[in-house]
Amino acid sequence: MKTLKYIVIAVLIAIFSTGCMDTVKKEYYDAEADRYYYENKNYQEAAQNYKEAAQNGSSYAYYSLYEIYKYGKNGVSPNEEYADRMLKKAVDMKDYRAEYIYAMRFLYSVTPDYQKGIDLLESSAKKEYPYAYLELGYVYLYGLGVPSNRVKAIEYFRLANSFGLKTPNIDNLTLVATNKYSDLDKETIIELQKNLKKLGFYNSTIDGISGPMTRKAISDFQIYYGYEVSGRVSQEILNQTVRELQK
């Protein structure tokens, strides 16, 4: 019996000395946070457990804290400054979702840094994040910081499509000088942009052109309201904005 006791003690010492306990804590707090978040809808407890997981090295927890404090949840007030810090931590730890969001900021800011945006998208894509594939498709379709390359655009769209994401019709794909690709006419796109502006997601010109700022607004809108993220201008997205405005 004493021998078993000493074995257990030795194992625990080994766990602490190798840092395995941090992994155990991280996984425990991540699981607890998810339980509070998804099952109990107790966002305060979820946030507290994500913070514990983050302190033990969870990039997933940092990104989850970003989402909670970026938009605010029942019982948790929005905190843009804190959310941005959490997002940056997640990016530093190479969380694929955080890399994607940071990439969008670099690509579609007033003063874009295309190279940083593309580097982040490529890092996210290496982890097989389908939305990174989709955005890289648009990067090469439109020539955002790189020469327009229809072949590479199609390759990325096919990868995104393999995950079930909606992409431009690859068989009829053409490079569009006005940087737009949409199923909608100009008047309908204007309506969509107006709806997104009313909802607080679109801050650019109402011009009826489905460019990158419109698609970024769509992605932010879909993330906030829990829709599947496509970033694509379509009648379905327009219907989604109408539903939210009617609530």
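**Pockets and ring pairs**

Student: Which helix gives the most to the lining of the largest pocket?

Tutor: In this predicted model, α11 does, with seven residues. A pocket is an open set of 1 Å grid points where a 1.4 Å probe fits, with protein on both sides within 12 Å along at least five of seven lines, and lining residues have an atom within 4 Å of a point. Helices are DSSP runs (H or I, at least four residues).

Student: Which helices each supply at least two residues there?

Tutor: α4 (59-71), α5 (80-92), α6 (96-108) and α11 (212-225).

Student: And which residues lie nearest the centre of the second largest pocket?

Tutor: Y63, E67, Q222, I223 and V229, out of 16 lining residues. α4, α6 and α11 each supply at least two residues of that lining.

Student: New topic: how many aromatic pairs are there?

Tutor: There are 21, counting Phe, Tyr and Trp (six-membered) rings with centres within 6.5 Å. Y50 and Y60 pair edge-to-face (planes over 60 degrees apart), because their planes sit at 70°, with ring centres 6.1 Å apart. Y50 in α3 (43-55) and Y60 in α4 are 10 residues apart, so the pair links distant parts of the chain.

Student: Is Y50 buried or exposed?

Tutor: Y50 is buried (under 20% relative accessible area), at 1%.

Student: What about Y138 and F157?

Tutor: They are edge-to-face too, with centres 5.1 Å apart and planes at 75°. Y138 lies in α8 (130-142) and F157 in α9 (150-162), 19 residues apart. Y138 is buried at 1%, and F157 is buried at 0%.

Student: Which residues form a cluster through ring pairs?

Tutor: Y71, F201, F221, Y224 and Y225.

Terms used: Residues numbered from 1 in each chain as written. Predicted model: local features only at pLDDT ≥ 70, side-chain atom pairs only at ≥ 80, totals over all residues. Heavy atoms only, no water. Phe/Tyr/Trp six-rings, centres within 6.5 Å; stacked < 30°, edge-to-face > 60°. Buried < 20%, exposed > 50% of the residue type's maximum accessible area, 1.4 Å probe, protein only.
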